[in-house]
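Colleague: I would like to learn how to read helix packing from a set of coordinates, taking one feature at a time. Could we work through an example together?

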Amino acid sequence: MQTSHLNGFLRLAALLLLLHCAGPTRAGEVSYSDVDELLGPPVQLQQLRSMGPDILPFMAAIYSTADTSRKATIAMTFYNLGWQSEDAHAALMQDIHTDNDALRLQVQWALGRVSGKSEVVDTLLDIMRNDRKPLYRDKAACALASDQIHLSEAQKVDLFAGLIDGLSDPKPQVRDISIKALQIHTGQTRGYRATASAEERNHSIAAWHRWLNEYRENL
């Protein structure tokens, strides 16, 4: 088990113990049972939102003991709330390589909505380029294009650099989803076509590197 995933597991174990041992809550405070009930089914999203970010540790704890179907629902709820949470990040990262399609896709989409950690971008870039399933590669690119809402400007440079590197990938699909993600972020293609000759692609990639250098210098 990788160190980051081990640390996430230990964090979740400690959180579960803390919530299990907690005493009764005062009126108006968030409780595990309240959050569990509102997570349904069906999910009561507006009521959860009205309770504020204090619900996130409870959601992460519930997620960690849920079955696969409910995990996917809670991951979607994390996505819809869009609040940063160390606990949610740790919980979701435990399933980032699950083989269950429904859960895997919800986790890939939700991570950037709960976390601004560079680990999320690095993990999604690796999936986009190297996962054995084209579906996971495609949806990782979608997440990189639209769901990294907590990144700093410096982190966006690293994201763009990773997508630009994808333009040189030997897999046509990866080249195609890389330029689509860049176009969503910037509104530009720099003349790049995934199916063009290597010479034409390299010319456009050089233009993208010049653009990235200018972007970095202007931060």
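Colleague: Are helix 4 and helix 6 roughly parallel or roughly antiparallel to each other?

Modeller: Bear in mind that this is a predicted model. Two packed helices are described by the angle between their axes and the distance between the axes. Here helix 4 (residues 56–65) and helix 6 (residues 86–93) pack at an angle of about 15°, and their axes are 8 Å apart. Angles under 35 degrees count as roughly parallel, and helix 4 and helix 6 are therefore roughly parallel to each other. The crossing in which helix 4 passes helix 6 is left-handed.

Colleague: Which residues of helix 4 and helix 6 meet?

Modeller: From helix 4 come Pro 57, Ala 60 and Tyr 63, which meet Asp 87, Ala 88, Ala 91 and Leu 92 of helix 6. By class, the residues of this contact of helix 4 with helix 6 are six nonpolar, no polar and one charged. As for the spacing along a helix, an α-helix has 3.6 residues a turn, so residues three or four places apart point the same way.

Colleague: At what angle do the axes of helix 8 and helix 9 cross?

Modeller: The axes of helix 8 and helix 9 cross at roughly 145° and come within 7 Å, and the crossing is left-handed. On the helix 8 side the contact is made by Val 121, Leu 124, Leu 125, Ile 127, Met 128, Arg 129 and Asn 130, and on the helix 9 side by Tyr 136, Arg 137, Ala 140, Ala 141, Ala 143 and Leu 144. The residues of the contact of helix 8 with helix 9 divide into 10 nonpolar, one polar and two charged.

Colleague: Which residues of helix 9 are buried, and what covers them?

Modeller: In helix 9 the buried residues are Tyr 136, Arg 137, Ala 140, Ala 141, Ala 143, Leu 144 and Ala 145, and what covers them includes helix 7 (101–114), helix 8 (118–130), helix 10 (153–166) and helix 11 (172–186).

Colleague: How does the span of helix 10 agree with its number of residues?

Modeller: At 1.5 Å a residue, the 14 residues of helix 10 should span 20 Å, and the end C-alpha atoms are 20 Å apart, which agrees. Among the buried residues of helix 10 are Leu 159, Phe 160 and Leu 163, and the cover over its buried residues includes helix 8, helix 9, helix 11 and helix 12 (198–217).

Colleague: How many helices and strands does the chain have?

Modeller: The chain has 12 helices and zero strands, and buried residues make up 46% of its 219 residues.

Note on methods:
Residues are numbered from 1 along each chain as its sequence is written. This is a predicted model: local features need pLDDT of at least 70, side-chain atom pairs count only at pLDDT 80 or more; totals for chains, interfaces and linings use all residues. Side-chain values use heavy atoms; hydrogens and water are left out. Buried means under 20% relative accessible area, exposed over 50%, partly exposed in between (1.4 Å probe, protein chains only). Helices (H or I, at least four residues) and strands (E, at least two) are DSSP runs, numbered from the N terminus. Contact means heavy atoms within 4.5 Å. Axes are lines fitted to C-alpha atoms, for helices over the stretch in contact, and angles run from 0 to 180 degrees between N-to-C directions. Angles under 35 degrees count as roughly parallel, over 145 as roughly antiparallel, 65 to 115 as roughly perpendicular and the rest as oblique. A crossing is left-handed if the near helix is turned anticlockwise from the far one by less than a right angle, and right-handed if clockwise. Ala, Val, Leu, Ile, Met, Phe, Trp, Tyr, Cys and Pro count as nonpolar, Asp, Glu, Lys and Arg as charged, and the others, Gly among them, as polar. The expected span of a helix is 1.5 Å times one less than its number of residues.
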